[in-house]
Amino acid sequence: MKILLVFAALVAAACGEQLFVGDQVLRITASNEEQIALLRVLGEQVELQLDFWRHPTSPGHPTDLRVPFPSLQAVKIFLESNSISYSIMIEDVQELLDEEKKSMMTSRRIERSTSMFDFASYHTIDEIYDWMDMLVDDHPSLVSKIQIGQSYENRPLYVLKFSTGGSNRPAIWLDTGIHSREWITQAIGIWTTNKIAKEYGRDPSVTAILDSMDIFFEIVTNPDGYAFTHSSNRMWRKTRSINAGSHCIGVDPNRNWDAGFGGYGSSSNPCSETYRGPYAHSEREVKAIVDFIRGHGNVKSVISIHSYSQMLLFPYGYKTAPAPNHQELNELAKKAVSDLAAVYGTKYTYGSTIDTIYMADGTTIDWAYDNGVKYSFTFELRDTGHYGFLLPSSQIIPTATETWPALLDIMVHVLEHPY
Amino acid sequence: IPDSGHKYYLQFTTEDYKSGENAGSCLATVLYPNTKSPPVVNIKCMHTKDQKQIQEDDNRLYQKIRHQTKPIIGNNIPDSYGNIEPALEPVWALAVAGSSYIMWEKSTENLGYFMAQVKSVKQWIRKDDFIEFDYTVLLHEIPTQEILSCHMRLTWLPGHPLKVKYFCASENQGLEDGSGMESGSAAGILHEKGANF
């Protein structure tokens, strides 16, 4: 009975209801058969909605009774006027349930990180890095983990490589978490990489893509920042590099690329959230990707994932001049956004960065584009400001689910338009 | 508009912050003068709810807060994971409303805001019927991406406009790793804002 109750309360709580506020559990001790009979009659009053945890059996044996708040007074008067002794075992059932729920969630998190990963929660770096190893273990012929460098604080920069063979095949690059406070993105990174691994051999598009191309996915692109959002400041955006001559820390990794570096779309002040850094690629986290993509030589698309705003952006951010294949990118964005909206109705706007959001220089996709990567996009995921960076974890799976067709649209287009 | 400024014509719909239900549509013009003085705004809205319904909703919110037996206090609403304690939702809702006053004053043609989080809230019990809260709210500034920390004192009684006093400082100015929230000019000027629009 108790287990059912806890389960029901959990389900109700998950639905946003509070079922047991103010309810009490009374321990009643009937002293004779007459009182037992009275208790049974009491239980039969349907409108009181009484819930016996331990039924009245015989005198001297306790009867445990959960009384909903609205019935409390009536029940206590009944007991007292019949001289039936009782005590309050649980003062407020809801409080107890809340505590239990909390501790259950904690233990669930610990269990699931090793056996069944909880995609609907936000995870720490260690949990993500552990999970990456599990993914590789589960799909050894498809997925491998490579290290492309180290962060400022010497954390490894890991990239998941999806490949069915070949040698230096044309590739698609995706990154999440470059701005550490955008937690929905790292969460999407986990879900999406898992999805890619699962769908190879099942989904025709994923299979077609991976049969000719490789996918590289960096989930925790700014690990120092991410660790900092867990330990100290949930709103941290930048890297954690020390700036010479300033007490302010960090460079905006999405203003540090060598594309229009140093303009009005970034700041020269180390204390600013859009500080561009002392020079382009000064950040290890950025340099590692630059070196990787340059070294690879065959990357055909870069998709960088951010939040929030619900936008799909393409170059340029540093200048108003349209990209040479603006039309094509615009059409592709239009299709992707439409397929995204088809899932839950989530509306995105799209266009060049400078037209759609604001002027931004030294960005990832502008650099990629200027270095020959024709299909470069930035996603700004949910929401539009209601929760902003603090998107509830209940929205992780819906966000991942709706973004998936949009990502696929881009990847399929890249596959079908080799260059 | 040559020699005058930039004028924007806006048509937009509004939605209930909690339920997402359509709450009406508005037509507005906003003129930003070249002189950088505050914009001239003309706005006309059609509400889907009638006055009576709005009054009832306000009263319900008010009663929910008044019925608490202890002064309400809270931190990090929503928390890092986006969760809001159901008991603190009304307080969060009031913070959103109060923050919108701050944003209304601070926004410019090139700077916009969202309320990112209620860092802390403390209720001040008053002898009269007004409810009063002391907030620290974090505002997310676009396009600078800065997080502003605003101290906001909010007073309200249904049927009366929200009264908001505030003082904002950038989280970043010289502060690192939670070394306290004092900003340089601690003798801050409190801005007072009553609704007169």
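Is Cys271(A) buried or exposed? Cys271(A) is buried, with a relative accessible area of 17%. The legends below describe close-up views of a predicted model.

**View 1. The disulfide between Cys248(A) and Cys271(A) in chain A.** The sulfur atoms of Cys248(A) and Cys271(A) are 2.0 Å apart. The torsion about their S-S bond is about 90°, so this disulfide is right-handed. The pair links distant parts of the chain, 23 residues apart, with both Cys248(A) and Cys271(A) in the loop between helix 8 (223-231) and helix 9 (284-296) of chain A. Cys248(A) is buried, its relative accessible area being 1%. Over all chains, the structure holds three disulfides.

**View 2. The disulfide between Cys26(B) and Cys45(B) in chain B.** Here the sulfur atoms lie 2.1 Å from each other. An angle of 105° about the S-S bond goes with a right-handed link between Cys26(B) and Cys45(B). Distant parts of the chain are linked by this pair: Cys26(B) belongs to strand 2 (residues 22-33) of chain B and Cys45(B) to strand 3 (residues 40-47) of chain B, 19 residues apart. Cys26(B) has a relative accessibility of 7% and counts as buried, whereas Cys45(B), at 33%, is partly exposed.

**View 3. The disulfide between Cys150(B) and Cys168(B) in chain B.** The S to S distance is 2.0 Å. The link of Cys150(B) and Cys168(B) is right-handed, with 105° about the S-S bond. Cys150(B) is in strand 7 (residues 147-156) of chain B and Cys168(B) in strand 8 (residues 163-170) of chain B, so that distant parts of the chain, 18 residues apart, are linked. Cys150(B) counts as buried at 0% relative accessibility, and Cys168(B) counts as buried at 17%. With bonded cysteines counted along the chain, the disulfides of chain B follow the pattern 1-2, 3-4.

**View 4. The aromatic pair of Trp183(A) and Tyr81(B).** A search of the whole structure finds 24 aromatic pairs over all chains. The ring centres of Trp183(A) and Tyr81(B) are 5.6 Å apart and the planes stand at 65°, so the pair is edge-to-face. The pair joins two chains, because Trp183(A) lies in helix 6 (residues 183-199) of chain A and Tyr81(B) in the loop between strand 4 (73-77) and helix 2 (89-106) of chain B. Trp183(A) is buried, at a relative accessible area of 1%, while Tyr81(B) is partly exposed, at 28%. Ring pairs also bring Tyr122(A) and Tyr226(A) into a cluster with Trp183(A) and Tyr81(B).

**View 5. The aromatic pair of Phe133(B) and Tyr135(B).** The two rings have centres 5.8 Å apart and planes at 40°, so the pair is tilted. Phe133(B) and Tyr135(B) are both buried.

**View 6. Lysines over the rings of Tyr419(A) and Trp124(B).** In chain A, the charged end of Lys374(A) sits over the ring of Tyr419(A), 5.1 Å from the ring centre. In chain B, Lys122(B) lies over the face of Trp124(B), with 4.4 Å to the ring centre.

View 7. Thr378(A) counts as buried, at 8% relative accessibility. Apart from neighbours within four places in sequence, Thr378(A) is in contact with Ser304(A), His306(A), Met311(A), Leu312(A), Leu313(A) and Ile365(A). From C-alpha to C-alpha, Thr378(A) and Leu312(A) are 5.9 Å apart in space, although 66 residues apart in sequence.

Key
Residues are numbered from 1 along each chain as its sequence is written. Chains are lettered from A and ligands numbered from 1 in the order in which they are written. This is a predicted model: local features need pLDDT of at least 70, side-chain atom pairs count only at pLDDT 80 or more; totals for chains, interfaces and linings use all residues. Side-chain values use heavy atoms; hydrogens and water are left out. Buried means under 20% relative accessible area, exposed over 50%, partly exposed in between (1.4 Å probe, protein chains only). Contact means heavy atoms within 4.5 Å. A disulfide is a pair of cysteine sulfur atoms within 2.5 Å. Helices (H or I, at least four residues) and strands (E, at least two) are DSSP runs, numbered from the N terminus. Rings of Phe, Tyr and Trp (its six-membered ring) pair if their centres lie within 6.5 Å; planes under 30 degrees apart count as stacked, over 60 as edge-to-face and the rest as tilted. A charge sits over a ring if NZ of Lys or CZ of Arg is within 6 Å of the ring centre and within 35 degrees of the ring normal.
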